[in-house]
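Hi there,

Here is the structure I promised to send over. Have a look at it first, and then read my notes below.

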Amino acid sequence: MASPRATPVAGSAPFKLLSWNVAGLKSLVKFVEADKGLYPPAPSPPAGRAPSAPAPARPPLETFLLLHGADVTCLQEVKIPLPDLKLPLNAGGVAHSFERGGWQIFFAPCLDKKASGFNGVATYVRSPLPTVRADARPLGDEELDGLGRCLLTDHGPLVVFNVYAPCAGGASDALKVQFHKAVSRAMCVERSKGKKVILCGDLNMSYAAIDSFPGHRVLRCDRLPKFRGLDGDPDNKALPFAWMEDVRKFWPAVLESLRATKQVVPQQTSGPGGVKYNKFRLQCKKLGSDVYVNLGVPASSEEDAASMYASLVRSSDSQPRLFAVMDLMKNVAGCNWSAKTVLADAATSCRL
């Protein structure tokens, strides 16, 4: 167990912060309570002697977090809907469970009914570190603040932003940019008050291509490496990265079809209990045909579907993610690639 120490921030004591995307707080609690070797084993009784007392109950999550000695622990993607928290919201939209197990606990649940049970961030503040303010609406945008993706805690001279940023891809690109700009503005506001600011959490960003899942890496379709052809194999189909030859050959026509023939159509889908609701699909014509094919994934609104692949429609300097290339080449150009092979090539190549 971490030993008591002077209150950080207020004095010269060090300040320790832990950030963790737990992908579901309820699952984490079950994992911790099941022990899984997370805690030091209890000492065994001497040989031939029965234990003098039953084994103590396994410590709860709060005790597990104390073992790491952090003053502030920021959790992302807690995935707990507001009704399950059974806590009222304060003026800043924060569900506060007061002190438990040596922690002040603050939740910013997702209030968007379409995404209930997703997102959500929680900040655990170790006593006696003071929290003079907790705000789940620091972005000044009703839509963004309702997503349960940002929680501000004010500890006097220091402010912590606990963030779970949207991922990119399709309609999410615009939301991600909007979210990051809003967080940046909120941080500037706090700095203007003379506060020191810490930004932590899951920003859904990567520093370099190697840090990204291969399918999310950018493919420079206008700068693909060329491979020398082999006798009897003019299309280079026997070479590694042979799928790049298809991209070089068809990509300009694929983009032209997307730009010239794209449309959004409603599609009815059945949900749990047989409830029917509308989704929307982006479509364009298949090469050499008047048949329209579905692109991407179903979207919740016509606007979201229309914004899918919007950057490819607007820009002639095409730098799509590999997943987008795979989707368009399969559906528009009719290329029957092995997804496993393409992703493996991307994972092992520094050319992408």
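Predicted model: local features only at pLDDT ≥ 70, side-chain atom pairs only at ≥ 80, totals over all residues.

Residues are numbered from 1 along each chain as its sequence is written, and side-chain values use heavy atoms, with hydrogens and water left out.

Let me start with the helices. Helices (H or I, at least four residues) and strands (E, at least two) are DSSP runs, numbered from the N terminus. Buried means under 20% relative accessible area, exposed means over 50%, and partly exposed is in between (1.4 Å probe, protein chains only).

In helix 1, which spans residues 25–33, the residues Leu25, Leu28 and Val32 are buried. They sit on the same side of helix 1 because they cover an arc of only 55 degrees around its axis; the arc is that of the directions from the helix axis to the C-beta atoms. Their cover includes strand 1 (17–21), helix 2 (61–66), strand 2 (72–76), strand 4 (103–108) and strand 5 (121–126).

In helix 10 (residues 339–348), the buried residues are Val342, Leu343, Asp345 and Ala346. Their arc around the axis is only 155 degrees, which puts them on the same side of helix 10. They pack against helix 6 (243–261) and helix 9 (322–331), where contact means heavy atoms within 4.5 Å. Lys340 and Thr348, on the other side of helix 10, are exposed.

Next, a histidine to look at. His155 is in the loop between strand 7 (150–154) and strand 8 (158–164), and it counts as buried because its relative accessibility is 2%. Its side chain makes polar contacts with the side chains of Thr153, at 3.0 Å, and Thr131, at 3.4 Å. A polar contact is a pair of N or O atoms within 3.5 Å; within protein, one must be able to donate a hydrogen and the other to accept it, and residues adjacent in sequence count only if both atoms are side-chain atoms.

Now for some backbone details. Most residues other than glycine have a negative phi, and most peptide bonds are trans. Ser127 and Pro128 are joined by a cis peptide bond, with omega about 10 degrees, and Pro128 lies in the loop between strand 5 and strand 6 (133–135). Tyr309 is not a glycine, yet it has a positive phi of about 60 degrees. You will find Tyr309 in the loop between helix 7 and helix 8 (310–314), and it is buried, with a relative accessible area of 12%. Asn204 also has a positive phi, near 50 degrees. Asn204 lies in the loop between strand 9 (196–202) and helix 6, and at 30% relative accessibility it counts as partly exposed.

Asn204 leads on to a pocket. The second largest pocket has a volume of about 450 Å³. Of the 16 residues that line it, the closest to its centre are Lys176, Asn204, Met205, Ser206 and Ser212. The lining divides into seven nonpolar, four polar and five charged residues.For these terms, a pocket is an open set of points on a 1 Å grid over the protein atoms alone where a 1.4 Å probe fits, with protein on both sides within 12 Å along at least five of seven lines, and lining residues have an atom within 4 Å of a point. The volume is the space filled by probe spheres set on the points. Gly counts as polar, and Asp, Glu, Lys and Arg as charged.

Best wishes
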